[in-house]
Structure formats: C-alpha cells, structure tokens
Amino acid sequence: MPDRGLFWSPVPDWSRAEIQQPGLGITALSPRTAWLVSGNFSAFLAKRGGLACVGPRETCERDAYSLRLTPDRLLFVAQDAVSTHPETFGWSDDGVAITDVSDGLMLFDVTGPAAPALMQLGANYEFEANPAGPEESASTLFAGLHASIVRILPGWRLHVERPYATAMWQWLQHAAQEWAKPPAREEVSP
C-alpha cells in the first residue's frame, strides 16, 4: 500500500517560520492561551476587566484579547500569564462554557507597509475600512480557509486551526513571493 503521508506537505518548524520581503513580514506563533467561550460571554469578559470583543477591523492593542465569532461565541487569546488564571473548563454556574483550544491554533502576523495588499489577495474584504458595527464577526474565509482575523499594529493577525496551518503558510509564502515580483513590462511591437 502506498504511503499516503507523502501526499501531505511537511509541517514547518513553527518556532523559526518567518517570511521577509521588502515592506512585508510574516511570522508564525503559537498562542500561550486560546479558549473558545460560549454562552454568557459578557460575564467572562467582565472577569477580565471589561475586555472588549473585537472584529477584523478593530485594533487589538493588548496581549490578551477576544474575537467575536458568533453572537454567543468568542475566541479568547492571551500571550501573557496575567489574564489566564486557571479556569474551570466546561459549563460554569454563570452560564459560560470554556473550551481550551490552545494547542489547536496557529497565529500568523502579517505586518509592514505591504500588509494591506497581501491581505486583499486573501479575501474580498475591505480590511482598512472604518470599524464596522459591534456585530461583525472576526471569522471569515481567507485564502480559501477558515480564519479569524484581528487588526494589530502595524498589520493583522490570522488565527488558523492547526490542521490547516501548513496550507495557510504555503499560501502566505506564495502570495508574498508573487507580491514581491516586479510588475511585468509590456513589450511594444515596432
């Protein structure tokens, strides 16, 4: 029987995964904490000092943030230990359900002056338009894959499920290479 593993692309060493082009930087990182929160997420956010729930056009300026996925679900992500005191996973008495998905996500930071152009290649969405209303979801299709997106300074962060991270990384590599190519010159016939 043929080895079906040969059909899959090798997984990059995420600790060293980086793409650098003039005006564009893309880095991969694993979240320290990532939780799916369902139910009464207002109570969850209140326990974290009134942390806002943001969409793809709103800027996230903290090491801990929450992304609006659906009207009753958010993705909480933290890179510091301050916001991540131990929680009870599953349903709590205050109507909140928390699921730890930390090992199931990869984050990709797309930064630099060329970041808007690369983001436009991945989705038919106006990433630089003014923030939309409070109901806009951070979850969308990007490069044909499901991703949650948030604005960071100076670019965007993509949140991708780990099984699809290699495919997203390959798309980002290809898009960065295509973006960096000089425009084709048209030849004029004499």
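Which residues do ring pairs link into a cluster? I found Tyr125, Phe127, Phe142, Trp156 and Trp171.

**Ground rules.** I am reading a predicted model, where local features need pLDDT of at least 70, side-chain atom pairs count only at pLDDT 80 or more, and totals for chains, interfaces and linings use all residues. Residues are numbered from 1 along each chain as its sequence is written, and side-chain values use heavy atoms, with hydrogens and water left out.

**Entry: rings.** I looked up the aromatic pairs and the structure holds 10. Rings of Phe, Tyr and Trp (its six-membered ring) pair if their centres lie within 6.5 Å; planes under 30 degrees apart count as stacked, over 60 as edge-to-face and the rest as tilted. Phe127 and Phe142 make an edge-to-face pair, with 6.5 Å between centres and 75° between planes. This pair links distant parts of the chain, 15 residues apart. Phe127 is in the loop between α2 (115-122) and β10 (139-142), and Phe142 is in strand β10. Helices (H or I, at least four residues) and strands (E, at least two) are DSSP runs, numbered from the N terminus.

Next I checked Phe127 with Trp156. This pair is edge-to-face too, at 5.8 Å centre to centre and 65° between the planes. Trp156 belongs to strand β12 (residues 155-161), and the two residues are 29 apart in the chain.

Why does Phe127 count as buried? Its relative accessibility is 2%, and buried means under 20% relative accessible area (exposed is over 50%, partly exposed in between; 1.4 Å probe, protein chains only). Trp156 is buried as well, at 1%.

**Entry: charges over rings.** A charge sits over a ring if NZ of Lys or CZ of Arg is within 6 Å of the ring centre and within 35 degrees of the ring normal. The charged end of Arg151 sits over the ring of Trp156, 4.2 Å from its centre. The charged end of Arg48 sits over the ring of Phe76, at 5.3 Å.

**Entry: core.** A nonpolar core is a set of buried Ala, Val, Leu, Ile, Met, Phe, Trp, Tyr and Cys residues joined through side-chain atoms within 4.5 Å. Which members of the largest nonpolar core touch the most others? I noted Phe108, Phe142, Leu158 and Leu172, out of 29 residues. Helix α3 (162-180) gives the most to this core, with 6 residues. I then listed contacts of Phe108 (heavy atoms within 4.5 Å). Among them are Trp14, Trp156, Leu158 and Leu172.

**Entry: sheet.** Six strands form an open antiparallel sheet in the order β1-β2-β9-β12-β11-β10. Two strands pair if DSSP finds at least two bridges between them. β1 (18-21) and β10 stand at the edges with a single partner strand each, so one side of each has no neighbour in the sheet. β1 and β2 run antiparallel, joined by 4 bridges. Gln21 has Leu24 in β2 as its bridge partner.

**Entry: other strands.** Strand β3 (residues 33-39) pairs with β8 (residues 96-100) in the antiparallel sense over 5 bridges. Val37 stands opposite Ile98 there. β7 (residues 90-91) also pairs with β8, antiparallel over 2 bridges. Trp91 stands opposite Ala97. Their hairpin has 4 residues between the strands, and Gly95 takes a positive phi near 80°.

Terms used:
Lists of a residue's contacts leave out its neighbours within four places in sequence.
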